[in-house]
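I wanted to look up the annotated sites in this model and see where they sit.

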Amino acid sequence: MLLKGKKILILGIANHRSIAAGIAKVCAAQGAQLALTYLNDRFLKSVEKIATDFENPLLLPCDVNQDDQVVALFDRIKEEWGHLDGLVHSIAFADQNDLKGSFEETSRDGFLLAHNVSAYSLPLLANHAKPLMAERGGSILCMSYLGGERVVTNYNVMGVAKASLEMSAKYLAASMGEHNIRVNIVSPGPIKTLAASGIAGFRSILDEVKERNPLKRNVDPNDVGNVSAFLLSDFASAVTGETIHVDAGYHILGM
């Protein structure tokens, strides 16, 4: 098992279709002990249902906009586990109004909200995870998308926030490397999730990607989970600061 004995915190499960849920399932199958967060009571039942498939997971509230909840999250992990081997950041949010129309019409509040939740939360969480990883080393992952590298219709401010997330991960890889903490980026292809439902024309995006990519298929959360488990494992002990695309090769294509 790739992750036997590893203690891994996963943030971002909304329901069973979430990318984070797929990562959790693969990590658990590979022997990891899990801590799963939920945003609020609205999402607790969904996370509880998913957690029934795992052995004694920790279920902890965390809204990354609330500093006290972030502090409480890591205090609880320290109390229960004493250390942390892996952290998966699968969090993103933007106001739907800022995913429509022309990018120059993005509101100030919408721009700041997307960056605060989707990008700043990574260094925030990494800073709190650092003391729990410093002695044994650890692995931090974040989930991005091709829209953070290239313009994707109707992705707008989220694409800019993902670009910020990716560079944040690379700066973290440089600054945390001396503590043997690795930071990598996984960039999945489009997957039908709760977050994706807010993107206009998402069905056509799925169809086009499937038709054009080299493998002629869409990817799913299990595909992302497999790659994530590798990056969280000791088999990736010399891999940091990388962006790994899990998109059936779509990102290599030009015209």
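My notes on the annotated residues follow.

Ground rules: this is a predicted model, where local features need pLDDT of at least 70, side-chain atom pairs count only at pLDDT 80 or more, and totals for chains, interfaces and linings use all residues. Residues are numbered from 1 along each chain as its sequence is written, and side-chain values use heavy atoms, leaving out hydrogens and water.

I checked UniProt, whose unreviewed entry lists Tyr-145 and Tyr-155 under "active site"; its positions are in the numbering used here, feature names are shortened, and annotations may be inferred rather than shown by experiment. Of this set, Tyr-145 is in the lining of the second largest pocket. (On a 1 Å grid over the protein atoms alone, a pocket is an open set of points with protein on both sides within 12 Å along at least five of seven lines, and lining residues have an atom within 4 Å of a point.)

I found Tyr-145 in the loop between strand 5 (138-143) and helix 5, and Tyr-155 in the loop between strand 5 and helix 5. (Helices are DSSP runs of H or I, at least four residues, and strands are runs of E, at least two, numbered from the N terminus.)

Tyr-155 has 9% relative accessibility, so I logged it as buried (under 20% relative accessible area, 1.4 Å probe, protein chains only). Tyr-145 is buried too, at 14%.

The same record lists Lys-162 and Ile-191 among others. Lys-162 is in helix 5 (residues 156-176) and is buried at 6%. I see Lys-162 touching Tyr-145 and Tyr-155, among others (contact means heavy atoms within 4.5 Å).

Conventions. Buried < 20%, exposed > 50% of the residue type's maximum accessible area, 1.4 Å probe, protein only. 1 Å grid on protein atoms, 1.4 Å probe; cavity = no way out; pocket = protein on both sides within 12 Å on 5 of 7 lines; lining within 4 Å. Lists of a residue's contacts leave out its neighbours within four places in sequence.
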